[in-house]
Amino acid sequence: MKKPGKTGISAFFVLFVLFLLIFSAGAAQAAEKGKHFLWRVRSGNSTAYLLGSIHVLKKDFYPLSKAIEDAFAGSSVLAVEANIDDVSRIDVTNMIGKAMYPAGDTVDKHLSPETYELLKKELEADGLPLGLVAMQRPWFIALTLTSFELLKAGYDPAYGIDQHFISEAEGKKKIVELEGFDYQVNLLSGLPEKEQEVFLLSTMKDLNTLDQDADRLVSAWKAGDTQAVASLISSDEQEAGMSPVYDKVLYDRNRKMADKVEGLLRKGQTAFVVVGAGHLVGEKGIVEILRERGYRVDQL
């Protein structure tokens, strides 16, 4: 797998996909023993494969199973949430404006005193200067803290499943976006300030066990065990104030991405779709949405 170069823009995207790693899960059902985090969707003569992604991984995660690589090899289209490598489509001005406060404004003016004190303690414990995040909006601070912990644990977005297949597809297959980078940034930055603060609080609560949770997530993914994935993450939704955040960041997106998968099926091409693993599981996940719409969906 080709390892991409690091740019300022891609570094920002790293932070965003780390958010998806932690956040993209809901209630799920257990997979049958021996299954992969891979589903086949069929409609007439059309087929789409749905692969759950982990967006940051370690080099030793690879190689992937033959079943997954064969499904990719037999597809003519790769569909991803956002094409990490296509930086030309990123509106940098929009990105910076949505992640940072304007000159003269700082995050302490937008958080409760209690949350701000917790943030200062967390930064001190991590050896990070307060100035690093002073002008960042709460949703982006959550990503900064998350990325710092996972990178310390050896997890690298260069080895994420999305990046693996984007690198493999370049010059060989058509790559389409289900959402796009700007859409995702606008979604997070559009959360009301109170919801951004709740998200930041939830993130700080989980930082101490983040590396262990990531290890357990990888093990569950390899086993095709959706219940184990859900048990690691879904409890966040039950925390005070988190339900509306989940509705916007997970469930609304699931419905829209299911629409996009339907569009790919109507075109009659075999598509290989890679989205955050949590988007595929649970009663409100893409798999169940497509089943309810009459498609045959089987976990492989």
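These legends describe close-up views of one predicted protein model.

Residues are numbered from 1 along each chain as its sequence is written. In this predicted model, local features need pLDDT of at least 70, side-chain atom pairs count only at pLDDT 80 or more, and totals for chains, interfaces and linings use all residues, while side-chain values use heavy atoms, with hydrogens and water left out.

View 1. Helices (H or I, at least four residues) and strands (E, at least two) are DSSP runs, numbered from the N terminus. Of the 300 residues, 55% are buried. Buried means under 20% relative accessible area; exposed means over 50%, and partly exposed lies in between (1.4 Å probe, protein chains only). Contact means heavy atoms within 4.5 Å. Among contacts with a separation of 6 or more, 85% are between residues 24 or more positions apart.

**View 2. Six strands form an open sheet.** The order is β4-β3-β5-β2-β1-β6, and the pairing is mixed. Two strands pair if DSSP finds at least two bridges between them. Which strands stand at the edges? They are β4 (174-177) and β6 (296-299). Each has a single partner strand, so one side of each is left without a neighbour in the sheet. On average, neighbouring strands are turned by 20 degrees against each other, direction ignored. For such angles, axes are lines fitted to C-alpha atoms (for helices, over the stretch in contact), and values run from 0 to 180 degrees between N-to-C directions.

**View 3. Strand β5 has parallel partners in β2 and β3.** Six bridges join β2 to β5. Here Tyr49 stands opposite Phe272 of β5. Four bridges join β3 to β5. In that pairing, Ala79 has Val273 as its bridge partner. Six of the six residues of β5 are buried, so this strand is largely enclosed by the rest of the structure.

**View 4. Strand β1 pairs with β6 in the antiparallel sense.** Strand β1 covers residues 38-43, and four bridges link it to β6. Arg42 stands opposite Arg296 in β6.

**View 5. Helices α6 and α11 meet the sheet.** Helix α6 (residues 161-169) lies across β2 (46-53), β3 (77-80), β4 and β5 (271-276). The angle of α6 to β2 is about 135 degrees. Helix α11 packs on the sheet and touches β1, β2, β3, β4 and β5. The direction of α11 makes about 145 degrees with that of β2.

**View 6. Helices α7 and α11 pack at about 140 degrees.** Two packed helices are described by the angle between their axes and the distance between the axes. Here the axes of α7 (residues 181-189) and α11 (residues 243-266) are 11 Å apart. The crossing is right-handed. A crossing is left-handed if the near helix is turned anticlockwise from the far one by less than a right angle, and right-handed if clockwise. Tyr183, Gln184, Leu187 and Leu188 of α7 meet Lys248, Val249, Arg253 and Lys256 of α11.

**View 7. Helices α4 and α8 pack at about 35 degrees.** The axes of α4 (residues 113-126) and α8 (residues 193-206) are 11 Å apart. This crossing is left-handed. From α4, the contact uses Thr115, Leu118, Leu119 and Glu122. From α8, Glu197, Leu200, Leu201 and Met204 take part.

**View 8. Phe72 and Phe165 form a tilted aromatic pair.** A search of the whole structure finds eight aromatic pairs. Rings of Phe, Tyr and Trp (its six-membered ring) pair if their centres lie within 6.5 Å; planes under 30 degrees apart count as stacked, over 60 as edge-to-face and the rest as tilted. The Phe72 and Phe165 centres are 4.8 Å apart, with the planes at 50 degrees. Phe72 lies in helix α2 (residues 66-73) and Phe165 in α6, so the pair ties together parts that are 93 residues apart in sequence. Phe72 is buried at 7% relative accessibility, and Phe165 is buried at 0%.

**View 9. Tyr246 and Tyr251 make a tilted pair.** The centres are 6.3 Å apart, and the planes are at 45 degrees. Tyr246 and Tyr251 are both buried.

**View 10. A cis peptide bond joins Tyr62 and Pro63.** Omega is about 10 degrees. Pro63 sits in the loop between β2 and α2. Tyr62 also belongs to an aromatic cluster with Phe61 and Trp221.
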